[in-house]
Amino acid sequence: MGSISFRNVDKVFGQGTGGVKALDDINLDIADKEFVAIVGPSGCGKTTCLRMVAGFEAASAGSVLVNGRPVTAPGPDRAVVFQQFALFPWKTVRENIELGLRNKNLPVGERSDLVASALKLMNLETHVDAFPHQLSGGMQQRVAIARAYVLDPEVLLMDEPFGALDAQTRVVMQEELVRLARHNPRTVLFITHAVEEAVYLADRVAIMTRRPGRIKEVLDIKAVREREKWDSHARIEDVMDLESFVHLRTHIWKSLREEKGFKDV
Amino acid sequence: MASRPLGLGETLLLGLAGLSSFIGLWSFLSLSGIVPAQFLPGPLDVASRFWTLLTAPFAGATLPAHLASSFQRYAYGVLLAAMIGIPLGLLMGFFRLLDDIVTPIFDGLRFIAPIAWVPFAALWFGTGVGGPIMIIFAGAFPPCLINAYRGARFVEPRLVEAARMLGTPSSRMILEVLLPAAVPSIIAGLRVSAGLGWQSLVGAELIVAAAGVGFMMVQAQGSVQTPTVMAGMIAIGLVGMLIDVLLRQGEGWLRRRRGLES
């Protein structure tokens with residue numbers, strides 16, 4: 001089980017008259033095993049949404065619920081994959097992946113079985129004893145994803161996980177994530193400002209306004225994907241060529257462009 | 001003025017030039033009689049005295065023996081400073097409350113020069129083993145504490161968040177996240193500590209009644225044997241340089257192993 005709910009969530013940074021309202025009345029329900037991406041202009045507060053589910057930030061008003069219970073602190077039931085990987089530089093690949101399992105006090109045998117399957121899942125078997133700085137950015141992010149998956153979390157929180165990767169590595173990682181998500185579906189909250197990425201990966205895409213961020217529109221991608229059989233295409237570029245894909249992408253682009261001050265993406 | 005980087009040969013040459021002009025000026029001042037020999041012994045007198053002291057005892061021991069007992073005292077002082085300063089610094093970096101309690105006291109204490117502790121070191125810990133060690137400790141402690149604290153306090157926030165997300169308990173957070181993150185800062189602090197501890201040596205040995213380079217120098221001063229005093233100064237300088245070079249090597253090795261540049 002792993003559902004996420006935002007109920008009338010506001011977030012204000014700073015206090016009193018100097019306070020800046022980052023999020024305004026966010027309402028969003030993510031069902032168990034659903035993959036939802038949030039897209040929005042820079043500074044719209046999409047990362048803040050994720051950080052509140054992770055327990056790194058508290059809502060100023062309203063509530064953030066995971067499985068119906070309010071979030072109070074970070075924990076291994078809500079694994080996070082960070083944009084800048086956040087691997088421990090002094091730990092090997094194996095040690096990075098194993099830390100969360102040690103914290104759960106699992107016996108050694110069980111731990112090494114779980115680590116082995118996570119390594120296999122992310123094609124990391126040949127880099128078990130490497131240190132993060134010896135790996136490419138793509139490999140480092142594989143380790144971070146393995147570190148999250150190995151915990152078998154109720155929800156997976158991904159904060160622009162491919163934002164720091166080069167374009168080609170990014171495509172490979174997107175394809176792998178789709179493979180993971182379709183074969184072993186779990187609840188995912190995915191933050192990105194790349195529109196194609198969101199449409200390609202997610203079941204639903206939530207579009208946010210610029211600051212103070214509000215949810216402007218939620219699109220059901222999954223219905224289109226299943227109707228148009230996107231998953232029959234193995235390669236990302238073939239999916240991105242489909243008329244139905246282009247249509248959705250253009251719709252989101254237009255919606256984002258309406259936001260005044262929208263420059264990047 | 002813009003300058004191109006110098007090669008190793010040129011750097012060595014410049015160093016030698018500096019050293020030889022220093023010795024030249026020193027020789028001129030003492031040999032010409034401008035400064036009387038009692039006030040400033042000549043380089044040759046000092047060198048020959050240094051040589052003699054290597055084998056002939058003065059104030060109860062040879063120079064190497066004095067150095068050995070100084071070094072032992074010094075090692076205890078610095079070790080004690082590291083053993084208390086590093087864990088305390090890490091804990092202060094993690095527990096805000098401890099930080100708020102300790103920092104005001106420490107900020108005042110750290111400006112008191114080690115030598116100012118001499119009377120109390122002698123009173124509290126005696127002139128045998130304890131007193132001198134306390135003075136060296138007073139010199140070596142602040143950098144150990146400050147650097148461990150800063151290393152732990154300013155660890156990359158993402159790493160702490162990642163550890164918390166993985167359910168890491170406090171003890172493991174300190175030992176496996178804050179400590180390794182602080183290692184480069186701690187090593188840099190240890191280097192400063194080692195230097196300051198060694199500098200505090202003479203002050204520490206003012207109150208020693210048996211052996212040590214500082215003790216030897218104080219005895220020589222009493223009988224106006226200026227070449228012996230200066231031989232002691234040179235010994236302290238050389239050993240200090242050696243300690244620094246070794247620690248620098250250790251620091252470089254550690255940083256390379258960690259994948260940090262230089």
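Author: Helices (H or I, at least four residues) and strands (E, at least two) are DSSP runs, numbered from the N terminus. This is a predicted model, in which local features need pLDDT of at least 70 and side-chain atom pairs count only at pLDDT 80 or more, while totals for chains, interfaces and linings use all residues. Residues are numbered from 1 along each chain as its sequence is written, and chains are lettered from A and ligands numbered from 1 in the order in which they are written.

Reader: In which sense do strand 1 and strand 2 of chain A pair, and over how many bridges?

Author: Strands of a sheet pair through backbone hydrogen bonds, either parallel or antiparallel. Two strands count as paired if DSSP finds at least two bridges between them. Strand 1 (residues 4-13) and strand 2 (residues 20-30) of chain A are antiparallel, with 7 bridges. One pair to look up is A:Val9, whose bridge partner in strand 2 of chain A is A:Ile26.

Reader: What is the strand order in the open sheet of chain A?

Author: The order is 2-1-4-5, with antiparallel pairing among the 4 strands. Strand 2 and strand 5 (69-70) of chain A stand at the edges with a single partner strand each, so one side of each has no neighbour in the sheet. Strand 5 of chain A pairs with strand 4 (residues 61-66) of chain A over 2 bridges, and A:Leu65 has A:Pro70 as its bridge partner.

Reader: Which strands of chain A does helix 1 of chain A lie across?

Author: Helix 1 of chain A lies across strand 1, strand 2 and strand 4, at about 65° to strand 2 of chain A. For such angles, axes are lines fitted to C-alpha atoms, for helices over the stretch in contact, and the angle runs from 0 to 180 degrees between N-to-C directions. A residue is buried if 20 or more other C-beta atoms lie within 10 Å of its own, exposed if 12 or fewer, and partly exposed in between, with C-beta atoms placed from the backbone. In helix 1 (residues 46-54) of chain A, 9 of the 9 residues are buried, so the rest of the structure largely encloses it. Just after this helix, A:Gly55 takes a positive phi of about 95°.

Reader: How many residues of helix 4 of chain A are buried?

Author: The count is 10 of 13, so helix 4 of chain A is also largely enclosed by the rest of the structure. Those buried residues include A:Val143, A:Ile145 and A:Tyr149. They pack against strand 6, helix 2, helix 3 (108-121), strand 7 (155-159) and helix 5 (167-183) of chain A.

Reader: Which way do the residues of strand 6 of chain A point?

Author: A:Arg78 and A:Val80 point one way and A:Ala79 and A:Val81 the other way, and all are buried. Strand 6 of chain A runs parallel to strand 7 of chain A, joined by 4 bridges. A:Val81 has A:Met158 as its bridge partner.

Reader: How many residues does each chain bring to the contact?

Author: Two residues are in contact if their C-beta atoms, placed from the backbone, lie within 7 Å. Chain A brings 19 residues and chain B 14 residues. On the chain A side, strand 6 (78-81) and helix 2 (93-103) each supply at least two residues, and helix 2 gives the largest share, 3 residues.

Reader: What elements make up chain B?

Author: Chain B has 10 helices and 0 strands, and 35% of its 262 residues count as buried. Its C-alpha trace spans about 75 × 55 × 30 Å along the principal axes. B:Thr228, in helix 10 (residues 226-257) of chain B, is buried, with 24 other C-beta atoms within 10 Å. Leaving aside neighbours within four places in sequence, B:Thr228 is in contact with B:Arg49, B:Leu53, B:Phe58 and B:Ala220. The C-alpha atoms of B:Thr228 and B:Phe58 are 8.8 Å apart, although 170 residues separate them along the chain.

Reader: What average pLDDT does chain B have?

Author: Chain B averages 88, and 97% of its residues score at least 70; pLDDT is the predictor's confidence in each residue, from 0 to 100. For the complex, the predictor gives an ipTM of 0.90 and a pTM of 0.83.
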